[in-house]
Structures are given as C-alpha cells and as structure tokens.
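Open the model in your viewer and keep the selection tool ready. The tour goes stop by stop.

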Amino acid sequence: MSEQPAQGQHSALPKHPERGGPVQYPTLERHCDVAVIGGSAAGLAAALQLARQRRSVIVVDDDTPRNAPAPHMHGYLGREGTAPGELTRIGRAEVLSYGREVLTGRVTGVRRRDDGRFGLDLTGGHTLVARRVLAATGLTDQLPAIDGVAEQWGHGVIHCPFCHGFEVRHQRLVQIVTHPLNPPDPLFRHLTDRLTVVLHDRTGLDKGVVDALAASGVVVEHNEVSRILTGPDGEVSGVELGDGRILDADAVVVGSRFRARADVLAGVGLTTTPHPTGAGDALAVDPRGETIVSGVYAAGNVTDPSLQVLPSAAQGSQVGAMIAVSLAEEDLRNAARLSGEEADWDHRYSGIERAWSSNPNGTLVHEITDLAPGRALDVGAGEGADALWLAEHGWKVTATDISGNALAQVRAETVRRGLAVDLLRSDANDPAPFGTETFDLVSLQYGSFKRTPDQRGLRSLLDAVAPGGTLLVVHHDLTPFSEPFDVATQTRMYDPEAFVGVNEVAVALTADPETWHIEVHETRPRPPGAASTHHVDDVVLRATRRAI
Ligand SMILES: Cc1cc2nc3c(=O)[nH]c(=O)nc-3n(C[C@H](O)[C@H](O)[C@H](O)COP(=O)(O)OP(=O)(O)OC[C@H]3O[C@@H](n4cnc5c(N)ncnc54)[C@H](O)[C@@H]3O)c2cc1C
C-alpha cells in the first residue's frame, strides 16, 4: 500500500535519533462505520460484536476506567478476581484479533456533519468520521470531601457490597453516611456483625432506616467524620470523628455521587437527565441503546451507574449488535454493501495532493537489484510509486489496493507514462484477493492490512509467491512509538496491533522452514526519499519460497 500513517504525538514526542529534535506528526482524518468512545467493558464488548459483523470500528480510550483504583474485579463470571486492567487487556486483544483498532487518546467533541455522519474531534487535532457513535464513557465518582477517602478509594474505602463485600466479611466496618440518597445498606449488616454507621450528614435521612439499624444491633453514631486513619502498613485502621474519638476499622464504606461522562456529546445536543436516586445523572437511551439523537448510542455506566462490569459488558454487547442491525438495514435500503475499511483508505487518497512521495521505496530498489524481472505483485500499491518503478524496470506488475481512489491515481499515471500495470481492487482479507496467479516477487511495502483470527490475509499473501519467488515485506520499526504520552494533548491515530506486522509474517515463515528460506530479517535506517519523516527505521523481511 503505502507508508502506514503516523503514530505519535506532538508532546512527549520520541526524539528523532538523527535529527535530535522532537518529531512532528501530521493531523489525520480517519473514517469508520462506528466510533466507540471508551474502551473498557461496555465499549470493547460492543466493538467485538461489530468487528464480527465486518464493521470497521475505531475505539478511542483515554485509559481512565472507573474501577482503575481497585486491585481486583469481583462478581464477573468467568474472570472472578481478575485485575481490572487485565480484563481490559484481554478484551482489547480480542478486538484487535479482528483487526479493529483501539486508539489511545481522547475524544473532545462530537458533531453531526452535513452528510449525516458524525465528526469526532480528538486530541492532537485529529478527526474521526463515523456513521454511528457509541458512548461507553462511564461515569465519574464524586467522593465526599473527607480526608483519606480519595487516597483509599477502591482499597480500604469501598462503596459496593457486590464488588468488595465478601472481602470485608466479618471485619470491623464503618459506613459513613454522607448524603441522604446514600442510606446505610442492609447488605453490609449481613456481611459483618461488626458494623458501625456514622451519620456524617443526616440531612433528609429516613429516620425509620436509622431506627431499624439501631434496633438490629448496629452501632449508630450521630457525628461528623474528620478523617480516615491508616496504620503503618498504609491500610485503613480507623475513622476519626469530629469530637476526637476514634472508631477502629478494617474498612470504610462510603457512597459517591456520580456524574455521567457525557459532556463529549454536547455538540450533538445531548445532555444527561437526573438519576432517580438524586445522587447523579445518566444518559437516557431506548431499549436498543440509542439516545434521542438518531445514530448516537450509549452503553455501560454512562447510562446506568448501578451496572457492574459484567452487565456493562453485556449492555455493550447488546448495543453493539443493535448498531450492526441498524447499519445493515441502512445498507439494505440503499442496496449497498459498503466497506468501512475501503472508505477509510479512499478518504486518504481522495485529495488532489499526493499522500506519499512519488519515489519508489529505496529498500525495494535495493533488495531486488539482483532479481531477474518477472511477474510482480504489489500489495497495497497506494499511489503506485513502487508498481510504476517495477514496470519501468521490466516487471509485469499487478498492483492491488483496497482503495479505488488509489488505483485511479495509479491508472492515470500509467497512462501518462505509457506503462502497462494490471490493477486489482481488493482487500487482502477478501477471498482470493490476488487472483489465482502466483508471482516471482510479492512486495508489501508499508502495507497495512488487518489481522483476522484465521489470518486469511496473511495466508493469501504467502500463497501468492510462486515457487522460487521472493517475498519482500518492509515496515516501519514502531518501537519508539510505544512510549507513553499525554492523552490530553494527543491521540495515536493508528493501532499497529490491529494490522498484520512484519514480525508476524516472519513468524509464519519460520514455522514452515520446508517452504520458506528467510534471507533477511533486520531493522535498518530508513532510506532517504520518503514523504514522511517521523519514521526512522524500517524492519526488512526478505524470503524465498523454495522451488518444488
Ligand atoms: C473502586 C471501584 C471498584 C469497582 N469494583 C468492581 C468490581 O469488583 N466488580 C464489578 O463488577 N464492578 C466494579 N466496579 C464498577 C465498575 O467500575 C463499572 O461497572 C465499570 O467500570 C463500567 O464499565 P464501563 O465500560 O461502562 O465504564 P468504564 O469502565 O468507566 O470505562 C469508560 C471508559 O471510557 C473512557 N473514556 C471516557 N471518556 C472518554 C473520552 N472522552 N475519550 C476517550 N475515552 C474516554 C475511559 O478511559 C474508560 O476507559 C467498581 C467501581 C469502582 C468505583
């Protein structure tokens, strides 16, 4: 295809080793069927459903899930006791295995475009254009202003009997009532017989509830709390009351107020409604998960603060399915069978300006000098610089690309130069994407085709190499781009893990030594002549299919 576009950021930039200064990255616009804001339980579950319906999905996540402070996640059938981050890691890997991307970054706004689709603004000045939007953004817990609560939140200070109750059973528990809408919870009374309830704020509290607790043997303190105490080991050891008394405690229960993370949807006119408990707000959705704005959906805690992780994922999964249905119905009405992947690349090649340099890749030129011209397949030909150069040097070239716009540019250039190049529009993941022919040279230069669990694209790539033929795969060395960065100022606009990478191709070849001989597999400085300057090193893989 062409160079995989920029990954990176303007702040906390990796240093360009040769030039010594921060690298600047282009601002990008990407297109997809569904943009998912939030890559935690609800968002990833939706993305998985959509991926399996062949919808292009881009998830954007700023890595601030609600349960991040907690060391373990409980009540999730099949993953009981897993660390919250581990569940997300597994979910991401599952989404990526279908070639769907999870971008690290932040969505700052959503607006309706004139063409009916949605434009999402991302930090770093980037844009996502999507037919549907799913907000799986969760909520923010607003903690009472009591010293020590924020520091111990998710550890020694807990809020949910279902999330943490078993772990504190039989312990000394102090439940602090901080507002009337968060009354003492009878569940905790059942979990431990050492419960003390402190009425820090009694305003509006139902006296009957308090009396019932006291009558059942629970100690009730009518006092303010001044702070949570911790022992030398950093664990909660007690609660200090306003009158100076100390209640010993192994854990503290506190309810939060909450705020749905829905500000990002203000640009499409969406606001939240008060939650029936009065303790916060939520985004209203219909049974299919759609908001009052057609095409904008929501799932998880942003719609309902009471959902734990499993039901949040379940709702995301269900809403993902509903979005897939709505897209399929729309396509049916229009008698279309649109490819979101093609739309993304077509946008890339829609401008009058070239996306890349018109030079052939220097590595290709270098690597094939010793090969006699024959039949060549350029996979992901992009604007065709490599295909045209090969044709000029005696090769009979077939150029393929997912983008019809890209191939139109190649066609125009072949006509202008009087060259013959066969053009084949195909997604490497299509069945038989390169026809039935095999080739003496199969070239994938910065090619970006998506991973699938059955690796159909990778197999097609390898199958296209004729016995005795050469496979040449060149890609950017993405190592420097895995450095952490500030999502408040930048979004990484591609997720390399969703694409079949050069090292993955090497693994496939290594696994079949009777068929493949790897001649070169190394990282080396990128040759001069490229349009982009933010990639410094290339990984080069050259192999031959053994003659039968
Ligand atoms: C301390 C604590 C412990 C908990 N423990 C448990 C437990 O043990 N078991 C259990 O079942 N539940 C537990 N929960 C509840 C659990 O946190 C929620 O059920 C769950 O997080 C809801 O999932 P979600 O996908 O809706 O939202 P979240 O998990 O909060 O995910 C929202 C995602 O959206 C992203 N995001 C938001 N806005 C943007 C934006 N503008 N751009 C990009 N990304 C954005 C965030 O980075 C985040 O990853 C706990 C909650 C807390 C507070």
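Domain bounds here come from an automatic or database domain assignment. For the protein chain, that assignment gives domain 1 (29-141 + 258-338), domain 2 (144-255) and domain 3 (352-489 + 496-545). Colour these three domains separately. Residues are numbered from 1 along each chain as its sequence is written. This is a predicted model: local features need pLDDT of at least 70, side-chain atom pairs count only at pLDDT 80 or more, and totals for chains, interfaces and linings use all residues. Now find domain 2 and domain 3: their C-alpha centres lie 62 Å apart.

**Stop 1**

**Stop 2: the cores**

A nonpolar core is a set of buried Ala, Val, Leu, Ile, Met, Phe, Trp, Tyr and Cys residues joined through C-beta atoms within 7 Å. A residue is buried if 20 or more other C-beta atoms lie within 10 Å of its own, exposed if 12 or fewer, and partly exposed in between, with C-beta atoms placed from the backbone. The largest core has 107 residues. Select Ala-35, Val-133 and Leu-134, which have the most contacts inside it. α1 gives the most to this core, with nine residues. Domain 1 and domain 3 both give residues to this core, so it lies between them.

Centre on Val-133. Among the residues it touches are Ala-35, Ile-37, Val-110 and Phe-118, not counting residues up to four places away in sequence. Contact means C-beta atoms, placed from the backbone, within 7 Å. A second, separate core has 26 residues, including Ile-158 and Leu-195.

**Stop 3: a parallel sheet**

Five strands form an open sheet here, in the order β8-β15-β9-β10-β11, with parallel pairing. Strands pair if DSSP finds at least two bridges between them. Select the edge strands, β8 (157-158) and β11 (219-221); each pairs on one side only. Two bridges link β8 to β15 (residues 251-254). Val-157 has Val-252 as its bridge partner in β15.

**Stop 4: two hairpins**

Move to β12 (residues 225-230) and β13 (residues 236-241), antiparallel over five bridges. Val-225 stands opposite Leu-241. The two strands form a hairpin with five residues between them, and Gly-234 in the turn has a positive phi of about 85°. β13 also pairs with β14 (residues 246-248), antiparallel over three bridges. Gly-238 meets Asp-248 as its bridge partner there. In this second hairpin four residues lie between the strands, and Gly-244 in the turn has a positive phi of about 95°.

**Last stop: β25**

Is β25 (residues 516-525) well covered or hardly covered? Hardly covered: one of its ten residues is buried. Nine bridges join β25 to the antiparallel β26 (residues 537-545). Finish on His-517, whose bridge partner in β26 is Thr-544.

Definitions and conventions: Contact = placed C-beta atoms within 7 Å.
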